[in-house]
Amino acid sequence: MVNRQVVGAHYGLRDWLVQRVTAVIMLVYAIGIVAFLLLASGAGYEAWQQLFACTWVKVLTTVTVVALLWHAWVGIRDIWMDYVQPVGIRLTLHVLTILWLVASFIYSIHVVWGA
């Protein structure tokens, strides 16, 4: 029978790769927003509304939000696993974190897509 360790973060290639890929996605999105700010200096509400009315911008924004939430999940999960030793408390924190992330995703869909 294999003894499983119930404490400690998942220090693996997958988590490392997720953190890097999601960070790159967020960086590219941020560079795009900054470029819009610089190129459309003095742009008002109407310009921003036109930009975010484009389906491709909505899709890229949603992808970036998913990347942000996944990035947050990996980081927070590792913190809970490293620093919270009682399994019951750690499980509760995991569930609360997941609920918060899912609620944040649902709210972001409402904001971006106007659902």
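Is Asp-15 buried or exposed? Asp-15 is buried, with a relative accessible area of 6%. Buried means under 20% relative accessible area, exposed means over 50%, and partly exposed lies in between (1.4 Å probe, protein chains only).

## The model

This is a predicted model, where local features need pLDDT of at least 70, side-chain atom pairs count only at pLDDT 80 or more, and totals for chains, interfaces and linings use all residues. Residues are numbered from 1 along each chain as its sequence is written, and side-chain values use heavy atoms, with hydrogens and water left out.

## Overall build

The chain has four helices and zero strands. Its elements run α-α-α-α from the N terminus on. Helices (H or I, at least four residues) and strands (E, at least two) are DSSP runs, numbered from the N terminus. The chain holds 115 residues, and 23% of them count as buried.

## A salt-bridge network

Side chains of opposite charge can pair when their charged atoms come close. A salt bridge here is a side-chain nitrogen of Lys or Arg within 4 Å of a carboxyl oxygen of Asp or Glu. The whole structure has three salt bridges.

Asp-15 bonds with Arg-77 in one of them, with the closest N and O atoms 2.7 Å apart. This pair links distant parts of the chain: Asp-15 sits in helix H1 and Arg-77 in helix H3, 62 residues apart. Asp-15 also meets Arg-14 in a salt bridge (3.6 Å, N to O). Arg-14 is exposed, at 56% relative accessible area. Arg-77 also meets Asp-78, at 3.1 Å, N to O. Both Asp-78 and Arg-77 are buried. Shared partners join Arg-14, Asp-15, Arg-77 and Asp-78 into one network.

## H3 against H4

Helix H3 (residues 55–83) and helix H4 (residues 87–113) have axes that come within 10 Å and cross at roughly 170 degrees. H3 is therefore roughly antiparallel to H4. Axes are lines fitted to C-alpha atoms, for helices over the stretch in contact, and angles run from 0 to 180 degrees between N-to-C directions. Angles under 35 degrees count as roughly parallel, over 145 as roughly antiparallel, 65 to 115 as roughly perpendicular and the rest as oblique.

## A buried valine

Val-18 lies in helix H1 (residues 13–39). Val-18 counts as buried, at 7% relative accessibility. Val-18 and His-71 are 53 residues apart in sequence, yet 7.0 Å apart in space, C-alpha to C-alpha.
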